[in-house]
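Here is a short report on helix packing and aromatic rings. Look at the structure first, then read on.

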Amino acid sequence: MKECIIDSDHKELISGLKKGSQNCFKLIYDMYANRLYSFVYNLTKSKEDSLDILQEVFERLWDNRKKISDEKSLESFLFVIGKNLFISAYRKRLSSQKYEDYTEYIDRQEEYKTASSAIEYDEFKKILNIALNSLPFRQRQIVWLSKYKGLKNSKIAETLNLSEQTVKNQLSLGLKTLRDVLGETYFLFFIISHLLIQ
Amino acid sequence: MEKKYSNFDKLERERRRAAEMNDEELAQLLQQEWENNDFPELILPADDKEQLYADISSKIFDNEENNYLHSVHERKSLLWKMVKYAAILLMPLLAVASFYLYEKSNHGTEQMIVVQTDRGERITVTLPDGSEVYLNSASVLSYSSESFSEGKREVKFEGEAFFTVTSDPTHPFLVKTGEVNVNVIGTEFNVFSRKNVEDISVFLRKGTVEIHCEGVADVIKLKPSQKAIFDKQNKEIEIINTDNYDNDISWLNNELVFNNEPLEEVINKIEISYGVDFDTQNYSHFSKDRFTGTVPMDDLSKVIDIIEDVYEIKLTVKNKK
């Protein structure tokens, strides 16, 4: 396999990549992986999502290597091939109810300056899911529709073919169970009480 | 006190900003951030970095080798190809013959009748009780005619089909599909249940059905215009109200309707209903992009035009099955 040279303007590197050199590809990966990871993490706030996107971008880089124009830098080429992934990941995080919960949790942590450091968003999502999944089916369904799909009680009643009173009862029952299960876990307690006020 | 709610406020600000921008404008903004290094620098742990590289290289480099081997293999196997086509041509004949022989020979034991559609094929099956099942492409329906004659109306099914069930309150009609059983009295409904798709969905047009899902204690009763979606992995059911028309039954009108679906799923559905395969390389860079729109089910060149226009790609059909 052909050796690869890192030259100042990356000309050798790009032409090596275009010829299909796996060494050159590895060098480019080593040069950009960390920076791209930081950039994508800033959009997704999730390590798992960021790694997925990184994988896709580098695979696209290999598949599209013949399209790199010499004038354009590798840097902007990496952005162009990943552009739609970045945008949709960023929009997805912004519109996520779970991320909103997470910011409230972080703010709360900072406000009270608790000794324990705040957990990451990935971890937060996992704990929230475990808590939700511990609920009986009907309650989980109603809590889910109410909190994460933003449906009003009347709409939930209509959708699930239940009376509005039943929805109300099941919702508060579900939230109470969540509170009991998670009584120890302070931050989730906060989210649950926040839910109750709504 | 200014720090209070700062993360939440920041999210709200970002939301407002993103809402005011289209994708092109947002891309420009993000590109500036990328080029100016305008984001906190993080360290990708060495383990993760190595693992990720291993994943990437095994996927892209192995793929190339496989493609190469594949093409060499194909050139050699003209004879095999001829045998294959002969077999494909004979298959319908074989199916009819074996079905006929099976019915004739199997007296005394339970007779399972199996009706299977190939990709690109759609047929109507009339069951012994007069109920009709319109089977979409690549679907299998099986039932025992003996059970039916004893009044036990039960069918097994996988794929996609629209059921029109003859009303008979004393003999409930049961559709078993994967993890879901649909119990019917007299009704019209669509079932979508494919092994490689995460959800099983049941859309009810008329009448009532009851749905039992594996791992879910409650029985779900659907009302007309409602649609139940069962998530096979998480064992969760979602019920949606529709306006008595759902994308699920668009195939009855010879249309494929897509609503914000990833291109790879869109292509997969087109491949199933036309019985063709597209060259994956044509669209692999866009496979996660979402597509919304309606395409006909009886004009492949038009479908190809639409997809090519939207994504500015060239789609090539590999082989017609």
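## Helices and rings

In helix 4 of chain A, residues A:Y90, A:R91, A:R93 and A:L94 meet B:L11, B:E14, B:R15, B:R17 and B:A18 of helix 1 of chain B. Contact means heavy atoms within 4.5 Å. By class, this contact has four nonpolar, no polar and five charged residues. The model is predicted: local features need pLDDT of at least 70, side-chain atom pairs count only at pLDDT 80 or more, and totals for chains, interfaces and linings use all residues. Residues are numbered from 1 along each chain, chains are lettered from A and ligands numbered from 1 in written order, and side-chain values use heavy atoms, without hydrogens and water.

Two helix pairs are listed here. Angles run from 0 to 180 degrees between N-to-C directions, and axes are lines fitted to C-alpha atoms. Helices are DSSP runs (H or I, at least four residues).

| Helix pair | Axis angle | Axis distance |
|---|---|---|
| Helix 4 (residues 74-94) of chain A, helix 1 (residues 6-19) of chain B | about 130° | 10 Å |
| Helix 2 (residues 22-44) of chain A, helix 3 (residues 47-63) of chain A | roughly 145° | within 9 Å |

Now the rings. Rings of Phe, Tyr and Trp (its six-membered ring) pair if their centres lie within 6.5 Å. The count comes to 22 aromatic pairs over all chains. Ring pairs link A:F25, A:Y29, A:F58, A:W62, B:Y53 and B:F61 into a cluster.

A:W62 also has a charge over its face: A:R65 lies 3.9 Å from the ring centre. The charged end of A:R35 sits over the ring of B:W34, 4.3 Å from its centre. The rule asks for NZ of Lys or CZ of Arg within 6 Å of the ring centre and within 35 degrees of the ring normal.

Notes. Helix = DSSP H or I, 4+ residues; strand = E, 2+ residues; numbered from the N terminus. Nonpolar A, V, L, I, M, F, W, Y, C, P; charged D, E, K, R; others polar. Phe/Tyr/Trp six-rings, centres within 6.5 Å; stacked < 30°, edge-to-face > 60°.
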